[in-house]
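Open the model in your viewer and keep the selection tool at hand. The stops below say what to select and what is there.

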Amino acid sequence: MIAKKFQSLKRIFFMSLSAAAFLMITACAAKEEVQHNPELLLGFSQLGTESAWRSGNSADIEKKAEENGVSLMLENANRKQENQIAAIRRFIAYQVDVIAFSPIVEEGWDNVLSEAKEAGIPVILVDRDINTKKEGLISCHIGADFYSEGVMAGEYLIRKADELGKDSLRIVEISGTEDSTPMRQRQAGFMDTIADDERMNVIESVNGDFLKSRGAECMRYLMEKYGTDIDVVFSHNDEMTLGALPEIEKAGAVPGEDIIIISIDGGQEAIDVLKAGKINCVVECTPMLGQELMDTAKKLKAGEEVEAVIHPVEKYFSDEMDLSGLPPRGY
Ligand code: AHR
C-alpha cells in the first residue's frame, strides 16, 4: 500500500518536472525566435552627436523603433564618412531588412550603396540627401526641405528691414558642414530670397561646421575683423548661434538689438534665447523623423511602394510673434 502511494507520488513528481522542463524549453525557443527572427531589423548609421538637434533625432528614432517593435541597430559615425561607410557594410553583412543613414556629406556613396542594392537591401536617407548619378540606390529620403528653411530666413530678414526702415544691411553668414545638404540648400534658399533686394549685402561667409565651438570661433573672428559694423548674423544652426552670441556681447554689442540674429533648428535653448530677445528669428528644422522612418521601413519590408521624398511640415518662430504658449520643443 505504502509502496503504491510512493509510486504514484513519484509519477506526479516526474510529470510536473517534465511539464516544467517543457515550459522552459518552449519559453527559450520563443525568446530565440524574437532575438533571431525579428519582424523587422533596421540598421541606422547616425552621423554624430554634434548638436541638440542630432541627439534629439537619435533619441526619437530609438523611441519610435521600440514603440513600433522594430529591432534597431544604431551606430554613431562620430562625424566621419568612412565610419558611415563601414557601418553600412556591416549592416549588409548582417543582412538587415532595411538600411537607413544620415549622410554627413552629399558625395561619395555610390560604391557602398551599389553593394546594398546588389544585396537586395533597400536604403532610406534620413535628414540629409546625397548626390549621385546612379539610379535606384535610394528608396526614400525622409528629411527637411532645407531650401525652404533658407527662404523663410531670407523672408524674415526682408520683413525686419522694412520694419526697421533700413536702407542697407551688412550680413555675415555662419554656414554648416561643407558639402552637406543643409549647408548647401539653406545657403541657396537664403541667398536666392535676398538676391533682388538692394539693401542686402553679404560681407562674409564663414564655415562653422554646425558646432558650438566653431560658431564661437567664427564670431570672434568676424567681430575682430568688422567690429560692430555687422547688422545681421545668419547662422545655419542653433548650436553655432549659441556659440556666437557670447562673442558678440564680449565685443560690446547687444545681440537681437544691435545685430539681427537669425538661426535654424528651433531647439528649446534657442527658443528660450529668442524669448529673451537675443535671437530675432529661428526657423524650424524638426529632428522628429522616427515615425516616418518606421512606417517607411515597414512598407519596404512588405514590398510596398513608398514616396520618393517625405518632407515634414516646418514653420518659423520670431520676435513678430507671441511665443508664451509654445509647448516644449522636445530637443
Ligand atoms: O542636418 C540637420 C542639421 O544637422 C541641423 O540643422 C544641425 O543642427 C545638425 O547638426
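This is a predicted model: local features need pLDDT of at least 70, side-chain atom pairs count only at pLDDT 80 or more; totals for chains, interfaces and linings use all residues.

Start by selecting G227, which sits just after helix α7 and takes a positive phi of about 60°.

Now select residues 212–226, the 15 residues of α7.

**Stop two: the buried side of α7**

Within α7, colour G215, A216, C218, M219, L222, M223 and Y226, which are buried. They cover an arc of only 165° around the axis, so they lie on the same side of α7. An α-helix has 3.6 residues a turn, so residues three or four places apart point the same way.

**Stop three: the ligand**

Next, select the ligand and display the residues that surround it: E50, S51, W53, R54, D127, R128, P182, R186, F210, N237 and D265.

Look at three of these side chains in turn. S51 has a polar side-chain atom 3.2 Å from an oxygen atom of the ligand. For R128, the distance from a polar side-chain atom to a ligand oxygen atom is 2.9 Å. R186 likewise places a polar side-chain atom 2.9 Å from an oxygen atom of the ligand. Taken alone, the ligand exposes 280 Å², and the protein buries 100% of that.

Key. Residues are numbered from 1 along each chain as its sequence is written. Side-chain values use heavy atoms; hydrogens and water are left out. Helices (H or I, at least four residues) and strands (E, at least two) are DSSP runs, numbered from the N terminus. The expected span of a helix is 1.5 Å times one less than its number of residues. Buried means under 20% relative accessible area, exposed over 50%, partly exposed in between (1.4 Å probe, protein chains only). The arc is that of the directions from the helix axis to the C-beta atoms. A residue is near a molecule or strand if one of its heavy atoms lies within 4 Å of it. A polar contact is a pair of N or O atoms within 3.5 Å; within protein, one must be able to donate a hydrogen and the other to accept it, and residues adjacent in sequence count only if both atoms are side-chain atoms. Accessible areas come from the Shrake-Rupley method with a 1.4 Å probe; for residues, only the protein chains shown count as cover.
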